[in-house]
Amino acid sequence: MRWRKLGKLYTVDRLHAKLNSHAANPLPVHLEGNVFRVFFSSRDVQNRSSVGAVDIDIVKQRVVYEHAQPLFEFGPKGSFFESGVSIGNIYRIADRKFMLFMGWQTPEGGHWRGDVGQLEVTGNLDLKLVSKEPYMQSDEEDPVSLSYPWVEQFSDEDYRMWYGSTLTWDAGNGEMVHVIKEARSTDGENWEKTGLAIPYEIGVAQAFSKPSLMRNQDGTMDMWFSYRAGDGKPYRIGRAHHDMSGQWSLCLNDAGIDVSEEGWDSEMIEYPYVFEHSGNRYMLYNGNGYGKSGFGLAVLEKDSQ
């Protein structure tokens, strides 16, 4: 498997007080032709993230329209997203579309943490908060912190969610253990958590984030994600494969993409979003600074699939 990098597409630079820097967690929605609206999480000067968007022709690699205002902002003091919003993906229930997000909290004297919230995506691609309460929050299964959900519909009565869950903030090597778990639903609203999905290994891959799922024609699935090993190296993009036996396996050495020798993505790469368009499989991803250097695009080489 080999991804060919096409270059950086977009960077935020003081676009708005709440879109001051960063274009993290890029999430594409097809508009027309080769134009996609890419939602992203951007930060103010206090590092609180809101949702921005930019319309981009991914073939010409050209910005068509830059949305100057946030589409959804971090919440008021005391809310579960008072410190920021990190977006997942968009999915459909009947004739309605939704986007789940990680809501950040940074309690005074405590460790940052997250819960999951839900936005409705309107016909005009506006974003509306469904509830001021978390859509999914800490419980006995996930007692510490939650992150970055991805929801996939397999049939009218088969929805599956992959999401991040913190097991511990420090595994003894200075790095957290944050894994990808799975939940299932028959209606897309009421979820039964089924536990660990992607295997992890201390010192190899122990801090995961931002799963992005792709189903293959042969019935298998691939997932790309960010991960850290606990060796001090910043985020890299990894891959897991789900075979016909129903098991996930790590394929870290076959993710097909790594940091560049120089430039905007030479220190770290993270927050992948894999999608298909016009017979090609693309990946949006972030580089240095957790999205501060913007997001770029890569295409999967067809002879490496």
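Colleague: Before we start, what do I need to know about the model and its numbering?
Modeller: It is a predicted model, where local features need pLDDT of at least 70, side-chain atom pairs count only at pLDDT 80 or more, and totals for chains, interfaces and linings use all residues. Side-chain values use heavy atoms, with hydrogens and water left out, and residues are numbered from 1 along each chain as its sequence is written.

Colleague: How many helices and strands does the chain have?
Modeller: Helices (H or I, at least four residues) and strands (E, at least two) are DSSP runs, numbered from the N terminus. On that count the chain has zero helices and 21 strands.

Colleague: What is the radius of gyration of the chain, next to what the globule rule gives?
Modeller: The radius is taken over C-alpha atoms, and the globule rule is 2.2 Å times the number of residues to the power 0.38. Along its principal axes the C-alpha trace spans about 50 × 45 × 45 Å. For 305 residues the rule gives 19 Å, so the chain is as compact as a globular protein of that length, with a radius of gyration of 18 Å.

Colleague: What share of the 305 residues counts as buried?
Modeller: Buried means under 20% relative accessible area, exposed over 50%, and partly exposed in between (1.4 Å probe, protein chains only). Ile269, for one, sits in the loop between β18 and β19 and is buried at 0%. Over the chain, the buried share is 55%.

Colleague: Which residues have the most contacts inside the largest nonpolar core?
Modeller: A nonpolar core is a set of buried Ala, Val, Leu, Ile, Met, Phe, Trp, Tyr and Cys residues joined through side-chain atoms within 4.5 Å. The largest one has 49 residues, and those with the most contacts inside it are Phe39 and Phe295. Apart from that core lies another, of 13 residues, with Val116, Tyr163, Ala183 and Trp191 among them. Back in the largest core, the names you asked for are Phe39 and Phe295.

Colleague: How many residues of β21 are buried?
Modeller: On one side Phe295, Leu297 and Val299 are buried, and on the other Gly296, Ala298 and Leu300 are too, so both faces are covered. β21 is largely enclosed by the rest of the structure, because the buried count is six of six.

Colleague: Which residue of β21 is the bridge partner of Trp3?
Modeller: Two strands pair if DSSP finds at least two bridges between them. β21 runs antiparallel to β20, with five bridges, and antiparallel to β1, with six bridges. For Trp3, the partner in β21 is Leu300.

Colleague: In the hairpin of β19 and β20, which residue takes a positive phi?
Modeller: These two strands pair in the antiparallel sense over six bridges, and Glu276 stands opposite Arg281 in β20. Strand β20 is mostly covered, with six of its seven residues buried. The hairpin has two residues between the strands, and the positive phi, near 55°, belongs to Ser278.

Colleague: Lys5 and Asp265 meet in a salt bridge; what is the N to O distance?
Modeller: A salt bridge is a side-chain nitrogen of Lys or Arg within 4 Å of a carboxyl oxygen of Asp or Glu, and the whole structure has 20 of them. This pair links distant parts of the chain, with Lys5 in β1 and Asp265 in the loop between β18 and β19, 260 residues apart. Lys5 is partly exposed at 29%, whereas Asp265 is buried at 3%. The N to O distance is 2.9 Å.

Colleague: Arg14 and Asp13 form a salt bridge; is Arg14 buried or exposed?
Modeller: The closest N and O atoms of the pair are 3.2 Å apart. Asp13 is exposed at 52%. At a relative accessible area of 61%, Arg14 is exposed.
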